Amino acid sequence: MRFSRLRLSGFKSFVDPTELHIERGLTGVVGPNGCGKSNLLEAIRWVMGENRAKSLRGSGMDDVIFAGTDKRPARNMAEVTLVIDNQDRSAPAEYNDEDFIEVTRRIERESGSAYRINGKDVRQKDVQLLFADAATGAHSPALVSQGRIGTLINAKPQDRRAILEEAAGISGLHTRRKEAESR
Ligand code: ATP
Ligand code: MG
């Protein structure tokens with residue numbers, strides 16, 4: 001399951017519609033402090049179903065919506081779309097007819113989130129299940145946020161091993177699928 005595009009609109013500092021092409025191989029995001037590098041990672045986590053505002057550096061879910069600046073008014077809506085290249089058929093079997101899977105999450109102020117997969121309204125659970133087997137879920141340690149590097153380095157060897165195994169996708173697949181299914 002390869003991420004191939006990320007589209008953002010009204011999400012945190014990405015107020016104007018923005019599309020990023022994610023090429024094969026390693027992607028680096030560079031730019032001055034505060035330009036939105038971490039916001040991009042949070043957008044990926046959010047569209048995959050992250051619901052802990054704190055892990056998105058907010059106090060409530062509406063905090064992901066562009067809050068306005070001196071020059072521009074706040075928005076009432078944020079939307080993020082993640083396009084997954086499924087030409088290798090690595091997504092769950094129910095997506096075997098799809099070369100590309102577009103997952104969209106949209107939030108409106110005070111009315112919560114809605115999800116779509118390839119344009120069809122779906123439940124949050126459907127999005128979480130799509131990612132549950134891919135070691136890419138929103139809670140996956142494969143997404144290491146700023147400040148967590150220290151935690152990783154200082155972890156006890158056995159804890160660090162568990163984190164790395166999970167990031168590599170060789171542990172927890174069954175647990176996470178079960179978790180998602182029982183929600
Ligand atoms: P650093 O190099 O310091 O880690 P960064 O590139 O990771 O910086 P981010 O933390 O992604 O930067 O972006 C922070 C910017 O996003 C700040 O300017 C902050 O004001 C802005 N921002 C965050 N949430 C919102 C929001 N809801 N509305 C508008 N701007 C926001
Ligand atoms: Mg950052």
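Predicted model: local features only at pLDDT ≥ 70, side-chain atom pairs only at ≥ 80, totals over all residues.
To start with the overall make-up, the protein chain has 5 helices and 6 strands. Read from the N terminus, the elements come in the order β-β-α-β-β-β-β-α-α-α-α. The chain counts 183 residues, and 23% of them are buried. As for contacts between residues at least 6 apart in sequence, 54% link residues that are at least 24 apart.

The 6 strands come together in an open sheet, lined up as E2-E1-E3-E4-E5-E6, with antiparallel pairing. The edges are taken by strand E2 (18–21) and strand E6 (120–122); each has a single partner strand, so one side of each has no neighbour in the sheet. On average, and ignoring direction, neighbouring strands here are turned by 20° against each other. In general, the strands of a sheet pair through backbone hydrogen bonds, in either a parallel or an antiparallel way. At one end of the strand order, E1 (residues 2–9) and E2 run antiparallel and are joined by 4 bridges. Within this pair, Arg5 has His21 of E2 as its bridge partner.

Now for the inside. Nonpolar side chains tend to be buried together in soluble globular proteins. In this model, the largest nonpolar core holds 27 residues, and the ones with the most contacts inside it are Phe11, Ala43, Val47, Val64, Ala78 and Val80. At least two residues of this core come from each of E1, H1, E3, E4 and H2. H2 gives the largest share, with 5 residues. A closer look at Ala78 shows who its contacts are: leaving out residues up to four places away in sequence, Ala78 touches Ser9, Gly10, Phe11, Val64, Ile65, Phe66 and Ile107. Two of these, Phe11 and Val64, are also on the list of core residues with the most contacts.

Last comes the ligand. Around ligand 1 there are 15 residues, of which Asn33, Lys37, Ser38, Asn39 and Ala67 come nearest. By type, the shell around ligand 1 splits into 4 nonpolar, 8 polar and 3 charged residues.

Notes
Residues numbered from 1 in each chain as written. Chains lettered and ligands numbered in written order. Pairing = 2+ DSSP bridges. Axes fitted to C-alpha atoms, helices over the stretch in contact; angles between N-to-C directions. Buried ≥ 20, exposed ≤ 12 C-beta atoms within 10 Å, placed from the backbone. Contact = placed C-beta atoms within 7 Å. Core = buried A, V, L, I, M, F, W, Y, C linked by C-beta atoms within 7 Å. Near = placed C-beta within 6 Å. Nonpolar A, V, L, I, M, F, W, Y, C, P; charged D, E, K, R; others polar.
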